[in-house]
Amino acid sequence: MKLVTNNKKLAENKVIILYILNKVNKPLNNTALLKLVLSLTDMNYFYFQQFLVDLVNSKYIVQVEKDEICYKLTDTGKEVLELTQNVIPGILKLKIDNSFKQSLSKINDEISIIADFIPESETEYTVVCKIIENNKKLFEIQVFTGSREQAKKIVDNWNKNSSKIYGEIFKLLTE
């Protein structure tokens, strides 16, 4: 894809990002937006990042900070989208409209469960497990471990069984 010489394709990709942010109608973090864009169209990661920078600099989208940096369409961005959405080929717009809810639902499920471990020393790790819904932190727990293997096991277990674990912890806390 030669975007440097193809201004129409460059504009189309920026409008696609605006179109998707308009459809979502809520702030999305970089990872969620990237996954959504890539699930709906073929776009290079590095160009995607440059498009975000360009759109922020043009004030068509804005960075908002919740638990992390998220992107949101501005009023100016909505106006520009209305004027330029005809740049998106009809078949692509139809694909975005038809598979949008399914793709967004899948991405929301993926990003709402977060687990990671942070090395404190060679033998000490802090594991952080979270549940985030609609960009709000519903639950967060930090656990100290004595080995990398144990930290990784907790992360893997949280990613697979977070709703069960959360349910048990909530039940214990409310008894």
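1. Glu 12 and its neighbours. Leaving aside residues up to four places away in sequence, Glu 12 touches Val 87, Ile 88, Pro 89 and Leu 92. Contact here means heavy atoms within 4.5 Å. Glu 12 sits in helix α1, residues 7-24. The residue is buried, at 9% relative accessible area. Buried means under 20% relative accessible area, exposed over 50%, and partly exposed in between, with a 1.4 Å probe and protein chains only.

2. Basis of the model. This is a predicted model, in which local features need pLDDT of at least 70 and side-chain atom pairs count only at pLDDT 80 or more, while totals for chains, interfaces and linings use all residues. Residues are numbered from 1 along each chain as its sequence is written, and side-chain values use heavy atoms, with hydrogens and water left out.

3. Overall make-up. The chain has 6 helices and 6 strands. Helices (H or I, at least four residues) and strands (E, at least two) are DSSP runs, numbered from the N terminus. Their order from the N terminus is α-β-α-α-β-β-α-α-β-β-β-α. Along the principal axes, the C-alpha atoms fill a box of roughly 55 × 35 × 25 Å.

4. Burial and contacts. The chain has 175 residues, and 36% of them count as buried. Take the contacts between residues at least 6 apart in sequence: 53% join residues at least 24 apart.

5. Sheet β1-β3-β2. This sheet is open, has 3 strands in the order β1-β3-β2, and pairs antiparallel. β1 (28-29) and β2 (61-65) stand at the edges with a single partner strand each, so one side of each has no neighbour in the sheet. Two strands pair if DSSP finds at least two bridges between them. β1 and β3 (residues 69-73) run antiparallel and are joined by 2 bridges. Leu 28 has Tyr 71 in β3 as its bridge partner.

6. Helix α3 on that sheet. Helix α3, residues 45-57, lies across β2 and β3. The helix runs at about 95° to β2. Axes are lines fitted to C-alpha atoms, for helices over the stretch in contact, and angles run from 0 to 180 degrees between N-to-C directions.

7. Sheet β4-β5-β6. A further open sheet of 3 strands has the order β4-β5-β6, again with antiparallel pairing. Its edge strands are β4 and β6 (136-145), and each pairs on one side only. From one strand to the next, the twist averages 15°.

8. β4 (residues 113-119) pairs with β5 (residues 125-133) in the antiparallel sense over 7 bridges. These two strands form a hairpin with 5 residues between them. Pro 119 has Tyr 125 in β5 as its bridge partner. β5 and β6 also pair antiparallel, over 9 bridges.

9. Helix α6. Helix α6, residues 148-174, lies across β4, β5 and β6. Its direction is at about 150° to β4.

10. Surface and charge. The accessible surface of the chain comes to about 11,000 Å², and 51% of that belongs to carbon and sulfur atoms. Areas come from the Shrake-Rupley method with a 1.4 Å probe; for residues, only the protein chains shown count as cover. There are 24 positive and 22 negative side chains, and the centres of the two sets lie 7 Å apart. Lys and Arg count as positive, Asp and Glu as negative; His and the chain ends are not counted. Each charge is placed at NZ of Lys, CZ of Arg, CG of Asp or CD of Glu.
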